[in-house]
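Thanks for coming. I have one model to go through today, so please look at the screen while I talk.

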Amino acid sequence: MLSVVTTWMADKDNKKKEKKRFIERYNVFLNKSKIYVIVFWAILLGVSIYFGPKVFNTTDIFFEPPDSAESMIAQDILAQEFPSLANDTSIIILVRTIENESVLTPEIEGYGQTINSSFGDFEQPDYVKTCLSYYFFKSLNQDELAANFVSEDLRTTMFVIMYNSADEELEKDFVDFITAIVHNNAPDENKYNVYMTGMPIVYRDLFRSAAEDMARMDAIVIPIALVVLAFVLKRMRLIIMPILAIAISTFVSFAILYALSFLLPIVSFTPSIVMSLTIALAIDYALFLLTRYKEELEKGEESVVAVYTMSEHAGHTILVSGITLTICFIGLVFFPVSLLSTLGISAAITVFMTLATNLTLVPALLLTFRKFFSNNNLEKKLERRFLIFKKKINGEKNTSNEPTTRSEKIRIAKEKQSKSTWTKITKFSQKYAVFIIIGIIAVAIPISLQVMNIELSLDLKLGLPRNTELWDSYMVLDQSFSAGQLDRHYIVVQTDTTNGIASSEFYTNVQNLILNLTSKTIITGESFTSICWASNLSIPWMVALYYLHNPSSSDFAMLYNQVWREYTTPDNSTTLIDIVTPFDPYGAEEEQWVKNTRTILEEFENSTGYTLSLAGRPVQQVDAKITVFKLFPAMIVTVIVVVYIFIAIMFKSVFIPLRLILTIGLTMSWIFGVAVLIFEKNIFDWISPGVLGSVDAIYWIVPVLTFTVVLGLGLDYDIFLLSRISEYRRNSYSDKAAIIKGVYKTGGIITSAGIIMAIAFSGLMLSSLQIMVQAGFILTFAVLVDTFVIRTILVPAIMSIAEKWNWWPANIPEPAKDENCMEDDI
């Protein structure tokens with residue numbers, strides 16, 4: 001392996017020449033084709049503006065585990081044995097009195113009748129299977145069943161509209177139809193509050209919330225980020241390019257995602273992540289490019305030469321950064337969970353688009369409108385007037401300080417560098433390197449250890465928009481009844497024998513199973529509905545047989561026959577147990593309940609010979625989480641190894657990628673430790689109760705999502721800093737001098753980029769979704785720590801100690817210049 005590396009490195013001069021020839025050919029191509037490049041992007045933007053926004057109508061809030069997961073196999077069995085039930089869903093209408101009075105009034109009974117009678121007016125009159133309510137069961141003289149539809153304090157009642165959701169377009173029409181009926185015919189608003197919930201309502205309102213969140217984020221984040229960029233560049237005309245890069249990258253990425261939505265599920269918060277990532281990367285990449293372009297112009301270079309140098313150095317840097325980021329995001333694609341794979345693809349597309357626009361459109365615009373972008377007379381006038389004003393205040397004479405000779409320019413550059421805050425910080429880091437390293441690690445360790453206490457939750461509340469009607473309806477449902485009404489669980493019991501369920505033995509066995517589940521798990525007898533059990537009572541086989549042969553004997557017999565038809569197969573070999581949990585099926589209790597239930601079902605299979613399957617969307621979410629964290633360690637190792645190899649090849653060093661991975665690992669342990677303190681320990685709740693904490697857990701997908709982003713962004717800034725340090729070191733500067741000059745040249749840019757990126761990601765904290773707040777906080781805090789602590793202080797300290805080992809085994813020139821040499825900066 002070493003001989004291969006040595007041979008490869010021996011040919012580095014040819015590689016450099018090849019690289020230079022490629023950049024020359026690339027710049028010649030852009031110069032010749034600049035108009036075509038601009039027209040291409042303009043056309044693509046026009047098409048994407050039409051198709052891009054459509055992605056919001058195609059997103060999903062659920063993500064499935066791999067087909068081999070137990071829940072997916074169970075879902076296939078459910079769909080095969082009970083096709084009419086597999087796609088059943090419900091909309092729940094809640095009516096609650098404002099005053100402490102009973103909701104069971106003639107007005108509410110009439111309201112229920114209005115809802116029931118409206119179903120025939122829908123485009124498919126038989127679309128609704130049934131509408132269960134207090135009044136429905138009362139009309140059948142089933143008081144015990146009716147009691148399940150009114151709260152204990154009698155202030156809330158619910159109407160459960162059940163229908164088959166196989167046709168998505170028809171379901172959207174029905175949701176809009178029933179929403180209009182519910183609100184247009186609502187009872188006296190001074191006496192009652194009416195709420196709508198259920199998974200179809202959750203779907204709809206989450207999509208709307210995602211669009212509203214993104215609009216709010218963009219309105220605040222983009223202007224602030226552009227103001228920071230304008231302050232750094234000090235050339236207002238150059239701001240045009242990052243604005244174009246953001247617009248093009250966003251709309252084209254959304255258009256591509258819209259096309260992909262026909263093949264893959266796109267999770268609801270993906271557009272928000274893509275938007276934040278686009279703002280951050282588009283502005284950062286433009287900043288790296290345009291600061292180098294501006295620097296070359298200030299040296300007196302022609303505009304074309306400035307573009308060439310920009311492409312050679314800054315262009316190469318952002319290309320390496322983009323490739324590294326893409327590698328990190330592609331790591332998500334290998335998760336067999338739709339959420340992570342599509343999120344990885346979406347992020348990779350975003351990185352590619354921001355790279356493509358910045359590496360093609362930006363230089364094409366600079367080459368096409370050379371005079372416009374290179375002219376900074378206005379900025380110079382403003383700067384001169386500011387200096388004159390400043391001198392007047394200080395009582396100084398108004399004399400020109402413009403350097404006239406090269407030696408004068410070198411003197412001023414040297415003085416400017418020595419007085420720079422970045423130079424002082426770097427020299428301090430080099431002087432006290434050991435103490436700085438020990439100090440930062442000492443501070444990080446107690447915080448990082450909090451990661452051991454991390455609690456990852458499936459809680460649906462983390463994914464609901466706060467302070468909305470959807471949030472209020474969820475809370476009313478959970479407090480008055482049970483959030484288990486949102487989504488059901490099913491146990492499919494297969495005997496593999498015709499008429500296998502039609503026996504006293506089978507009934508006894510299933511009843512014992514239900515009793516076992518109620519005694520060993522946190523559900524109660526009221527949770528079950530089956531041919532063997534109803535209203536917390538077991539139904540003996542002989543009683544069931546009587547009901548089946550005498551369906552008109554009573555209202556209950558009629559209901560029982562309906563349940564038999566829906567919950568059994570035609571050959572009577574398989575039946576279904578319907579479970580409405582007394583807890584939120586997407587809450588903290590779900591995962592442990594699923595594990596316990598599966599253990600009981602396995603024991604029951606062994607003792608009876610039946611085949612049992614636990615199905616339902618909540619179970620799929622549990623399996624998705626289990627699958628992800630089973631594969632997460634392997635993904636981490638794979639990504640780190642690939643990144644190590646890639647960075648080692650790019651910098652021809654063994655130590656640099658190792659140091660880079662360790663410092664990013666320190667950042668990650670630090671930020672996740674702080675996240676535990678904030679979102680689980682709620683250390684800031686005394687300042688603003690319930691804003692950041694209140695759920696005592698971190699949503700399970702947040703660490704997986706933010707890991708790849710933090711890794712990629714940490715690499716991004718490190719590569720930018722290292723590229724400049726490496727450039728100076730290979731120009732024969734000493735190790736310490738290269739570090740000083742590299743930090744001096746990039747410190748302001750990296751800090752500005754970090755602030756801009758932090759602003760971009762902080763927009764996620766404006767979301768009404770706790771998932772986005774948590775992800776936004778972790779990403780924002782990670783960027784700030786990486787920018788102001790790791791890259792500014794820790795990296796120079798480590799590199800100053802490592803010295804020549806930074807570049808081993810590469811052959812680099814002997815040190816011949818110190819930090820006071822300014823020949824390469826003028």
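I will start with a sheet, move to the helices, and end with aromatic rings. Keep in mind that this is a predicted model.

What is the order of the strands in the open sheet of four? The order is 9-12-8-13, and the pairing is antiparallel. At the edges stand strand 9, residues 528-529, and strand 13, residues 611-615; each has a single partner strand, so one side of each lacks a neighbour in the sheet. Packed on this sheet is helix 23, residues 590-608, which touches strand 8, strand 12 and strand 13. The direction of helix 23 makes about 170° with that of strand 13.

Now the pairings within the sheet.

How many of the six residues of strand 12 are buried? Six of the six are, so strand 12 is largely enclosed by the rest of the structure. Both of its faces are covered: Thr574, Leu576 and Asp578 are buried on one side, and Thr575, Ile577 and Ile579 are buried on the other.

Next, helix 24, residues 617-651. With 35 residues at 1.5 Å a residue, helix 24 should span 51 Å, and its end C-alpha atoms are 48 Å apart, which agrees. Where does helix 24 bend? The bend is at Phe632 and comes to about 40°, with a proline, Pro633, following within four residues. After helix 24 comes Lys652, which has a positive phi, near 55°.

Ser473 lies in helix 19, residues 469-480. Is Ser473 buried or exposed? Its relative accessible area is 0%, and buried means under 20%, so Ser473 is buried. Setting aside neighbours within four places in sequence, Ser473 contacts Leu94, Tyr195, Met196 and Thr197.

Last, the aromatic rings. The whole structure contains 36 aromatic pairs. One of them is Phe122 with Phe174, an edge-to-face pair with 5.2 Å from centre to centre and 75° between the planes. This pair links distant parts of the chain, 52 residues apart: Phe122 is in the loop between helix 5 and strand 3, and Phe174 is in helix 8, residues 168-184. Phe122 counts as buried at 5% relative accessibility, and Phe174 is buried at 0%.

Another pair is Phe506 and Tyr507. Their ring centres are 6.5 Å apart and their planes stand at 70°; over 60 degrees counts as edge-to-face, so that is how this pair is classed. Phe506 is buried, with a relative accessible area of 0%, and Tyr507 counts as buried at 1%.

To return to Phe122 and Phe174: which residues form one aromatic cluster with them? The cluster is made up of Phe122, Tyr127, Tyr163, Phe174 and Phe177.

That is the end of my part.

Conventions: Residues numbered from 1 in each chain as written. Predicted model: local features only at pLDDT ≥ 70, side-chain atom pairs only at ≥ 80, totals over all residues. Heavy atoms only, no water. Pairing = 2+ DSSP bridges. Helix = DSSP H or I, 4+ residues; strand = E, 2+ residues; numbered from the N terminus. Contact = heavy atoms within 4.5 Å. Axes fitted to C-alpha atoms, helices over the stretch in contact; angles between N-to-C directions. Buried < 20%, exposed > 50% of the residue type's maximum accessible area, 1.4 Å probe, protein only. Expected span 1.5 Å × (residues − 1). Bend = angle between axes of the 7 residues up to and from the residue. Phe/Tyr/Trp six-rings, centres within 6.5 Å; stacked < 30°, edge-to-face > 60°.
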